[in-house]
Amino acid sequence: MTNTNTTDQGPDIARLIDAVPTGLFIDGAWRKASGGGTLEVRNPATGEVLTSVADATEQDGLAALAAADEAQSRWAATPPRERSEILRRAFDLLVERTEDVATLMTLEMGKPLAESRGEVAYAAEFFRWFAEEAVRIHGSYMTAPNGASHLLTMKQPVGPCLMVTPWNFPLAMGTRKIGPALAAGCTMVVKPASETPLTMLALAALLAEAGVPAGVVNVITTSSSGAVMEPLIRDPRARKLTFTGSTAIGRKLVEQSAEQLLRVSMELGGNAPFIVFDDADLDAAVDGAMAAKMRNIGEACTAANRFFVHESVASEFGTRFAERMCAMTVGDGLAEGVTVGPLITEKAVGEVTALVEGAVEAGATKLCGDEAVPEVGNFLAPTVLVDVPGQADIARQEIFGPVAALQTFTDEDDAIARANDTEYGLASYFYTRDHARAMRVAEKLQYGMVGVNAGVISNPAAPFGGVKASGFGREGGFEGIEEYLETKYVAMPR
Ligand code: NAP
């Protein structure tokens with residue numbers, strides 16, 4: 001995507017959409033799908049079709065993998081400084097195009113424009129961080145304990161990678177994989193979600209402009225993800241699979257990846273606890289709860305899903321939190337002042353509504369959530385539920401919407417046990433002023449990430465990832481590049 005004219009209201013939408021390539025990006029060229037099929041992309045705020053993109057077939061997927069395989073040895077041999085500078089140019093271009101990319105993201109995914117701008121900044125940062133890491137890949141040298149030989153290790157790229165990304169962060173979930181893979185010297189086939197392909201297609205064009213050679217990054221869009229990806233996962237030319245999405249699909253892909261014993265990273269679903277202890281700074285806890293719950297309209301794997309509030313502060317916390325939730329503005333993410341955009345699909349609205357109704361039937365009370373929302377579009381009012389029974393579906397499943405479910409507790413160990421009582425283990429949060437408690441609780445929470453008095457934990461310089469059914473592998477931080485590197489050991493007698 002090139003820069004579009006910008007009016008006082010922001011970029012010209014029609015021009016912006018027209019500037020996005022809609023083909024498959026294979027071996028450095030834009031192609032139609034081999035079957036000639038296309039896939040419609042809709043705006044969840046209006047239901048309108050924005051445009052159509054190529055609908056890849058299995059044959060197209062295999063062509064993309066062939067291109068990645070062919071480019072692998074050349075890209076691995078490209079000097080790290082060159083790979084680094086390409087990534088740095090990609091960072092600069094992305095930052096320069098923030099307004100266009102953010103608008104595109106809001107159009108196809110729905111999040112408020114301010115949050116899309118935030119995602120562009122976050123996503124671009126992975127390019128900058130891994131541009132810096134590309135030139136710091138190193139091995140080791142030592143003398144064996146018996147003195148008989150030298151033991152050397154060297155790091156080499158894993159090889160062609162398959163990347164599958166979700167719709168909720170259409171840009172950042174891509175750059176978090178593409179950045180380290182490029183830095184490490186890996187080529188790739190990227191498959192974005194069918195609801196939000198435009199952002200990734202725009203990114204593919206930007207990466208080519210930044211100097212990524214043909215065949216290194218290939219992007220395929222498809223309405224038949226399973227049928228197109230399975231043959232690639234089972235193909236011996238692929239060496240790594242990295243997936244961000246639901247636990248159910250992740251499990252399936254891990255099974256498929258067993259055939260070729262692929263290196264695998266899985267960033268899966270969450271069911272984050274948010275604990276407010278009796279000694280918490282309640283102003284900070286309410287701010288943190290808003291961020292942890294409402295970032296991305298609640299459609300985030302890190303979203304606070306289960307609130308556990310100490311009985312002595314539950315009423316005050318619930319009232320203040322509900323006031324803030326009720327005051328949010330629901331509408332089209334492009335409109336001024338909107339803080340809650342539409343959910344991704346009508347089906348998602350139905351699923352979240354069913355969880356709320358189930359909780360109320362089970363005895364929960366609604367503090368807010370009945371405010372009117374626009375009739376057209378997939379909108380849902382921010383909702384706060386208190387006295388939610390622990391066995392209600394809403395307390396056990398990932399909500400993925402603007403709904404907060406509050407429970408109370410009296411004892412620290414009980415709060416931790418209930419927080420850990422889930423198959424998931426991605427993000428967790430708690431608020432306390434007691435430093436000893438902070439360390440104690442952080443150690444005991446069975447999660448890959450813990451926010452202590454912090455409602456936002458994602459940071460490109462930190463290792464993002466989960467344990468248990470939230471997956472394995474880390475993205476970002478010093479660990480992020482290791483997912484794309486193999487360690488080779490070389491023995492040399494003295
Ligand atoms: P999803 O249904 O699992 O889809 C994720 C991606 O997988 C999409 O690109 C999808 O393509 C593709 N896919 C679906 N079925 C497939 C198959 N059989 N073979 C290969 N690919 C397949 O998840 P989602 O609803 O888009 O995303 C929400 C989930 O992602 C939530 O559970 C959330 O917690 C999780 N998530 C996790 C993280 C993390 O870092 N841990 C970050 C963000 C989101 P189609 O669009 O064509 O179906």
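**Entry 1: the pocket.** I looked up where the ligand sits, and the space it takes is the largest pocket. I note here that the model is predicted.

**Entry 2: position between domains.** I asked why the ligand lies between domain 1 and domain 2. Domain 1 covers 3–269 + 471–490 and domain 2 covers 272–423 + 427–459; both give residues to the shell, so the ligand lies between them.

**Entry 3: the shell.** How many residues surround the ligand? I recorded 31, and the closest are Thr165, Ser225, Ser246, Leu268 and Glu398. Sorted by class, the shell holds 15 nonpolar, eleven polar and five charged residues.

**Entry 4: elements of the shell.** I then looked up which helices and strands supply at least two residues of the shell. They are helix H6 (172–184), helix H8 (225–233), strand S12 (240–244) and helix H9 (247–257). Helix H8 gives the largest share, three residues.

**Entry 5: polar contacts.** For Ser225, one of the closest residues, a polar side-chain atom lies 2.5 Å from a ligand oxygen atom. Thr165, also listed among the closest, places a backbone N or O atom 2.7 Å from an oxygen atom of the ligand. In Arg176, an N or O atom of the side chain is 2.8 Å from a ligand oxygen atom.

**Entry 6: burial.** How much of the ligand does the protein bury? Taken alone, the ligand exposes 900 Å², and the protein buries 87% of that.

Key. Residues numbered from 1 in each chain as written. Predicted model: local features only at pLDDT ≥ 70, side-chain atom pairs only at ≥ 80, totals over all residues. Heavy atoms only, no water. Near = heavy atom within 4 Å. Polar contact = N/O pair within 3.5 Å; in protein donor to acceptor, adjacent residues only side chain to side chain. Areas by Shrake-Rupley, 256 points an atom, 1.4 Å probe, with all protein chains shown as cover. 1 Å grid on protein atoms, 1.4 Å probe; cavity = no way out; pocket = protein on both sides within 12 Å on 5 of 7 lines; lining within 4 Å. Sits in = over half its atoms within 2 Å of the grid points. Helix = DSSP H or I, 4+ residues; strand = E, 2+ residues; numbered from the N terminus. Nonpolar A, V, L, I, M, F, W, Y, C, P; charged D, E, K, R; others polar. Domains from an automatic or database assignment.
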